[in-house]
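Reader: Please take me through the aromatic ring pairs and the pocket space of this model.

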Amino acid sequence: MGIRGSRRRRKMTKQQDRKIDQPVTSVDDLSDDLLGLVLLGLDWSVSLTRAAATCRRWRRIVAGADGAFLRRFRSLHHAPPPVGHFYYAVNADPPCSFGLSHTFPHEDPVFVPSSGSPVRQPMSLDFMPSAGDRKRQVIDSRGSLLLVLYDEVCLREYAGAWRRRYNYGDPTAAPELVVCEPLTRRYEKIVLPWHCGCVMSAFLLDGDADDEAGGTIGMDTFRVLLVLYDPDRDDDDHDMDVVESDGWYLYRSGWPYTAVFSRGGDGGIECAVDEYDMLDSVCLPNIEEVHLAGRTGGRAYWGCDDGQVVVLDERTFKLSAMAFPDHMTWGFHASNFRVVGVDGYTVRIVCITNSGDLEVRSYTFHSDASDESYGDKEWVVEKRVELAEASLLLPGRKEEYFRCLPEIIAATEEFVVLSPAEETWLFSVDLGTMELEREHDRNRYKGVTYPCAPPWPPVMRACVGD
């Protein structure tokens, strides 16, 4: 046993000596190609940004001049989850028609980090241009960008009362748009031409082409789509208010058209598409009666008090009208009607019925249809929930909340947030299960939420070593 033990000890000693003689390897011994494969396995841009700050070599691999690594990283990973959302904590009108009666919020939105977000510090819009005597409101978000509208609130005395007025087409009162990136605290102004005085809606779109890092939207590549309202000044049958020596018109009808702004060859922002000549496609009622009803599947939808629904194709920038059957034609308002999803040729809406129920309806149109004519077939009621009965066990519920029809506050493909008309008491309906709930983050704020994602390409920090 002693001889065998001695041999075993000598064998183990030789093995340990060989291990000691072998050179110690580290991540620095990896070739650039292998290190690049390791870095491709990181999760989204926040971790990649931290890795690039490790040393000059890692930064060189990540932020190569040709952008090959970033393009490959982008192709392997899905879009990054939002680091947080901007919420309006106060009552404010949704970003629909910025007409005479639009109420702007009196304070900026608050930033709420997402669960597990690497961004824990509060973000604000204090780096933005001061509003001064004007009002400002976040009206859209996409990727890491926010779109903010600045506008004047004009108050004039009429019939013994102060009323808000909108200067249709007045070049001195044209609103201003600002695109900003809260995480990098950068912004850029967009000065609108004189005929952009009356804004129905404004949306952020991806840039015309991917940048060298595979990004589709960022401060260097974005587009802004404006949907504008041109009042029918030739209509002799309009109401007119006269204030002092100038005329204030409440036009009964008008024409929508689109304009697209993007970065030009000189780096400035210019109007790339102007469909001002396409004013005969759709006729709208007064702008006060036009309400944004949803934006999904590359299209935006507006409901009107006169019973029509207008559709904008964001690829062609063309407007058209949806025709509903007579029994589904009512005054479409943001509080009772939303378009929540488009799946192929199927459109899905949610609406509040006259009995106070929430219904999910869908319609599938023919693939060879030249437009979205919905009048020849029935909309299918997929789901329905009686809100008054289903809410009986919700904490804080009062019977008087459902004496009038509840209002839709926000709607997505997954859920709808509602509130009684008389008092803010937010609850939501899960559109998958049609169950009601109160204890959810989305029921904390009355207003639209704007997700904020990390910028792409990521902003690289200075390296800390060789």
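**Aromatic pairs and pocket**

Reader: Is F332 buried or exposed?

Author: F332 has a relative accessible area of 0%. The model is predicted, so local features need pLDDT of at least 70 and side-chain atom pairs pLDDT 80 or more, while totals for chains, interfaces and linings use all residues. Residues are numbered from 1 along each chain as its sequence is written, and side-chain values use heavy atoms, without hydrogens and water. Because buried means under 20% relative accessible area, exposed over 50% and partly exposed in between (1.4 Å probe, protein chains only), F332 is buried.

Reader: How many aromatic pairs are there?

Author: Rings of Phe, Tyr and Trp (its six-membered ring) pair if their centres lie within 6.5 Å; planes under 30 degrees apart are stacked, over 60 edge-to-face and the rest tilted. By this rule, the count of aromatic pairs is eight.

Reader: What is the angle between the planes of F86 and F111?

Author: Both F86 and F111 are buried. Their rings form a tilted pair, 5.2 Å centre to centre, and the angle between the planes is 55°.

Reader: Which residues are linked into a cluster by ring pairs?

Author: F332 and F337 form a tilted pair, 4.7 Å centre to centre with 50° between the planes. The cluster that ring pairs link comprises Y401, F402, W425 and F427.

Reader: How many charged residues are in the lining of the largest pocket?

Author: Lining residues have an atom within 4 Å of a point of the pocket, an open set on a 1 Å grid over the protein atoms alone where a 1.4 Å probe fits, with protein on both sides within 12 Å along at least five of seven lines. Among the 39 lining residues, D140, R295, A411, T412 and T449 are the closest to the centre of the largest pocket. With Asp, Glu, Lys and Arg counted as charged, the number of charged residues in the lining is eleven.
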